[in-house]
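I opened my notebook to record, step by step, what I looked up in this structure.

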2 protein chains.
Amino acid sequence: MHPRSSIGPRERLLDAAQRLFYSQGASVGVDALLKEANVARRSLYEHFGGKDGLVEAVLRRAAEQDLAWYEAALAAEAEPRDRLLGVFDCLDELVADAEFRGCRYFATDLAFADPDHPAHAQTAAFRRGLRALLVRELEAMDHADPEAAAEQLHLLIEGTLVAGATQGKEHPARAARDLAAVVIG
Amino acid sequence: MHPRSSIGPRERLLDAAQRLFYSQGASVGVDALLKEANVARRSLYEHFGGKDGLVEAVLRRAAEQDLAWYEAALAAEAEPRDRLLGVFDCLDELVADAEFRGCRYFATDLAFADPDHPAHAQTAAFRRGLRALLVRELEAMDHADPEAAAEQLHLLIEGTLVAGATQGKEHPARAARDLAAVVIG
DNA sequence: CTTGAAGTAGAACGATTGGTCTACTTCGAC
DNA sequence: GTCGAAGTAGACCAATCGTTCTACTTCAAG
């Protein structure tokens with residue numbers, strides 16, 4: 001193995017694909033992915049079996065990273081109530097970034113019309129993970145109805161990501177934060 | 001002309017494209033569109049100049065229809081406050097429909113990576129129209145800050161559409177309605 | 001009856017797609 | 001030193017993409 005040079009073609013491919021899928025959509029051609037990753041055509045098919053396998057692997061890894069991002073956002077504050085509100089402060093920064101292009105998972109769902117495409121299982125898993133995270137926080141602060149509140153917070157997050165992608169200048173995360181404060185109580 | 005048989009190839013094409021673009025995304029092939037519309041290949045290029053022109057025309061017409069849908073949703077109630085809340089009742093029905101697949105305009109934005117594609121101008125126009133509608137209603141009921149409230153309502157609507165597309169069973173419109181009531185005051 | 005615009009049907013185009021395959025290189029393990 | 005797994009480079013394939021084009025039909029206006 002290459003314990004030193006560390007990143008082999010598999011990782012380079014995952015990185016490049018995650019970048020290009022996000023910035024240009026899942027319809028980017030295999031050629032563009034290979035060029036961006038500086039990887040031979042053959043490596044893609046040996047490691048991932050095909051483009052679909054690469055898409056799935058990218059989503060699986062991205063879901064881990066993104067859930068960790070939410071955990072980090074929560075960890076930035078101490079008070080249970082501030083922890084959840086802090087997520088929207090982080091979202092405000094995220095959405096303001098020039099590179100922001102919306103929610104990776106929803107974009108993926110839209111890109112694959114076939115409901116049996118393996119990508120959908122990954123996006124669903126991410127949403128369950130995020131929802132579980134919200135429920136956990138709400139339970140920790142003894143919220144009266146954690147499930148219902150988590151649904152509302154989730155809706156506010158999704159709305160923020162859409163609004164941020166289509167009119168980022170308006171700081172939708174702040175508008176969402178005010179409503180989140182109501183939800184949390 | 002054909003004042004009788006009424007719907008010529010142009011209208012059939014618009015109808016078919018609106019249906020297929022929504023259910024399968026803007027990546028549906030020209031062949032599928034022509035077959036669905038029972039229209040000759042040539043007619044598409046004579047009437048719309050190409051697939052891009054068809055996309056633009058579909059969005060322009062859909063925006064009219066959808067804004068009219070929101071107007072109708074508002075008109076279902078009399079009291080200024082109930083008019084806006086009624087929109088979320090209508091959204092609840094819309095989202096529950098088995099055919100519902102999310103917001104046409106956001107899906108279109110994601111489908112075309114090129115920021116100069118004419119489709120983006122149409123989606124932006126629709127959002128401006130919807131926003132203006134919300135502001136108008138809020139002003140009519142003497143809301144303290146119509147612009148800010150419209151932004152929040154818009155965010156709730158977008159969030160509802162995303163949540164409805166990904167987990168329609170949960171009635172996200174009801175969750176959004178509760179928050180909308182807070183926004184309206 | 002004729003003419004011409006508008007429609008249909010479908011072959012064909014160049015480009016691009018995802019995927020397969022061959023030939024060559026690299027490099028650590030034995 | 002040799003061997004084999006893993007990687008690179010790139011030709012190649014069938015399918016599909018949006019688009020152009022020709023040939024035939026339809027039908028109302030003059």
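This is a predicted model: local features need pLDDT of at least 70, side-chain atom pairs count only at pLDDT 80 or more; totals for chains, interfaces and linings use all residues.

Entry 1. Residues are numbered from 1 along each chain as its sequence is written, while chains are lettered from A and ligands numbered from 1 in the order in which they are written.

Entry 2. I looked up the elements of chain A and found 9 helices and 0 strands, where helices (H or I, at least four residues) and strands (E, at least two) are DSSP runs numbered from the N terminus. The C-alpha trace of chain A spans about 55 × 35 × 30 Å along its principal axes. Of the 185 residues in chain A, 37% are buried, a term that asks for 20 or more other C-beta atoms within 10 Å of a residue's own, with C-beta atoms placed from the backbone.

Entry 3. I turned to helix α5 of chain A, residues 80-96, whose 17 residues reach 25 Å from first C-alpha to last, close to the 24 Å expected (1.5 Å times one less than the number of residues). Its buried residues are L84(A), V87(A), F88(A), L91(A) and V95(A), and they pack against α4, α7, α8 and α9 of chain A.

Entry 4. I then checked the contact between the chains, which takes 28 residues from chain B and 28 residues from chain A, two residues being in contact if their C-beta atoms, placed from the backbone, lie within 7 Å. On the side of chain B that touches chain A, the largest share, 12 residues, comes from α8(B).

How values were computed:
A residue is buried if 20 or more other C-beta atoms lie within 10 Å of its own, exposed if 12 or fewer, and partly exposed in between; C-beta atoms are placed from the backbone.
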